[in-house]
Amino acid sequence: MRIAMIGSGYVGLVSGACFADFGHQVTCVDKDAALIAALERLEMPIFEPGLPELVATNVRSGRLSFTTDLSRPVADADVVFIAVGTPSRRGDGYADLTHVYAAAREIARELVGFTAIVVKSTVPVGTCDEVERIVREARPDVDAVVVSNPEFLREGAAIADFKQPDRVVVGTADDRAVETMTEVYRPLQINRTTLLVTGRRTSELIKYAANAFLAMKVSFVNEMADICELVGADVHDLANGIGLDRRIGPDFLQAGPGYGGSCFPKDMRALLKIAQDAGAHARLVEATISVNESRKRSQARKIINALGGKVHNRRIAILGLTFKPDTDDVRESPALTIIPALQDAGAVVVAHDPEGIEQARPHLTDVDFLADPYECAAGAEALVILTEWDSFRALDFRRLKSIMKSPLLVDLRNVYRGQEIARQGFRYVCVGRPDKGGEPAFDAAAE
Ligand code: NAD
């Protein structure tokens, strides 16, 4: 099949490269000329494991190319995907659909022959109806069908998620569209992946409902972590205890500093608006948003409390700026709330991240960014893990103790075990894991 991918950011580039790897002929289009020029030089605009190799292989095989001009790729395409951004609209939380509708207008002008226009961006219910209206109004002559096909990939594991998805959701009532989408995703039949065909509006809502449910799980386990700390229970064991129940499942039950990223926060806000506009009261969505916001602030307080409640002019070293490991994405990362909160309390903050420093720099002021964890820790009174990068999992605590002003580890991702850290002479503060059957409590040195 011939595919035009409009928008070559995270989702567009990964999807385009994977579709090319499935054997389709793919052109990735983006209006950002610098991004396309970089891709033509095989330079990746994002950090995603396996992506450089996947892109290079498919470019060399002649199945994947890049351009800023959508006219030819759209005219030639059997399927045109819309994978442009749908950020939160400034001020009110609605999804900003400017890019989706602009893309629809540009696509409409170039259509030739039967084409499926597939909305892969995360969009509010009714957006595909509006895309269809735009296309019909611009080109009443054209034979096109608008399909919803939300994307569920996770940054950091995007290629595996795309190639081995739990399901593919296709929203359409058109038989030709179902046939086309079945062909597009045919290689997934080897793994018997379910292609779930639903109504278009249901498909649009499934994406928000999935993200909301996962965000709710994260906020739930974070609340459980707070309770664990107060009653002397262990959130890690609690998560196992409930996660082994197949009705609950083990994923998204890691307590931490709150969810962030390019999707959950904006999609939760957009879902709330969808519900409110429809006259529904989405109280769980509302509560999850508010629990997560206060979570980030409470974790800043936790760091300050670990330092005795006063951090004025005290140096705090932060490990991890991205919202999760294996990505350079810092959008709505907990670090962007926690670091300013520490600075507001007077702390001097230094930070290190394996991939996210350049992305974080414009969002933070008065932070010294350092090239490795040890440079970062030198002279600090607390070392704080905010993202569980693998490179933070085997730190040399002897070395850290010799260079830090005081040996305190605040581990907001529960990477380490208290006893292990205490043995190295460190005070240890973590999330929801107090005294564990003789293991040192989260304040190990106080024991
Ligand atoms: P992104 O910001 O990384 O990329 C969007 C790209 O679209 C940009 O490069 C931009 O220049 C381009 N663009 C905008 N208007 C255009 C136009 N008219 N023509 C051509 N290019 C245009 O965004 P993303 O993270 O890839 O997200 C895209 C969509 O997918 C969003 O709706 C998002 O919610 C959804 N989504 C994202 C993820 C994720 O993990 N990032 C996962 C699932 C779904």
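This is a predicted model: local features need pLDDT of at least 70, side-chain atom pairs count only at pLDDT 80 or more; totals for chains, interfaces and linings use all residues.
Let's start at the ligand.

T86 places a polar side-chain atom 2.5 Å from an oxygen atom of the ligand. S262 has a side-chain N or O atom 3.4 Å from a ligand nitrogen. K266 also takes part: an N or O atom of its side chain sits 2.6 Å from an oxygen atom of the ligand.

How much of the ligand does the protein bury? Alone, the ligand exposes 840 Å². The protein buries 89% of that.

Besides its ligand contact, K266 forms a salt bridge with D267. The closest N and O atoms of that pair are 2.8 Å apart. Are these two residues buried or exposed? K266 counts as buried, because its relative accessibility is 13%. D267 is buried too, at 1%.

On to the other salt bridges. The whole structure has 27 of them. Here are some examples.

D329 and R331 meet through their side chains, at 3.1 Å from N to O. D329 is buried, at 7% relative accessibility. R331 is partly exposed, at 46%.

Next, R413 and E388. Their side chains form a salt bridge at 3.4 Å, N to O. Where do these residues sit? R413 is in the loop between β13 (408-411) and α17 (418-423). E388 is in the loop between β12 (382-385) and α16 (397-403). The pair is 25 residues apart and links distant parts of the chain. R413 has a relative accessible area of 18%, so this residue is buried, the cut-off being under 20%. E388, at 23%, is partly exposed.

There is also a network. Salt bridges link D129, E132, R200 and R201.

Last stop, the surface. Which residues make the nonpolar patch? I227, L230 and V231 do, and the patch covers about 350 Å². I227 belongs to helix α9, which runs over residues 200-231.

Terms used:
Residues are numbered from 1 along each chain as its sequence is written. Side-chain values use heavy atoms; hydrogens and water are left out. Patches are made of residues with over 30% relative accessible area and no salt bridge: like charges are joined within 9 Å, nonpolar side chains (Val, Leu, Ile, Met, Phe, Trp, Tyr) within 5 Å. Accessible areas come from the Shrake-Rupley method with a 1.4 Å probe; for residues, only the protein chains shown count as cover. A salt bridge is a side-chain nitrogen of Lys or Arg within 4 Å of a carboxyl oxygen of Asp or Glu. Helices (H or I, at least four residues) and strands (E, at least two) are DSSP runs, numbered from the N terminus. A polar contact is a pair of N or O atoms within 3.5 Å; within protein, one must be able to donate a hydrogen and the other to accept it, and residues adjacent in sequence count only if both atoms are side-chain atoms. Buried means under 20% relative accessible area, exposed over 50%, partly exposed in between (1.4 Å probe, protein chains only).
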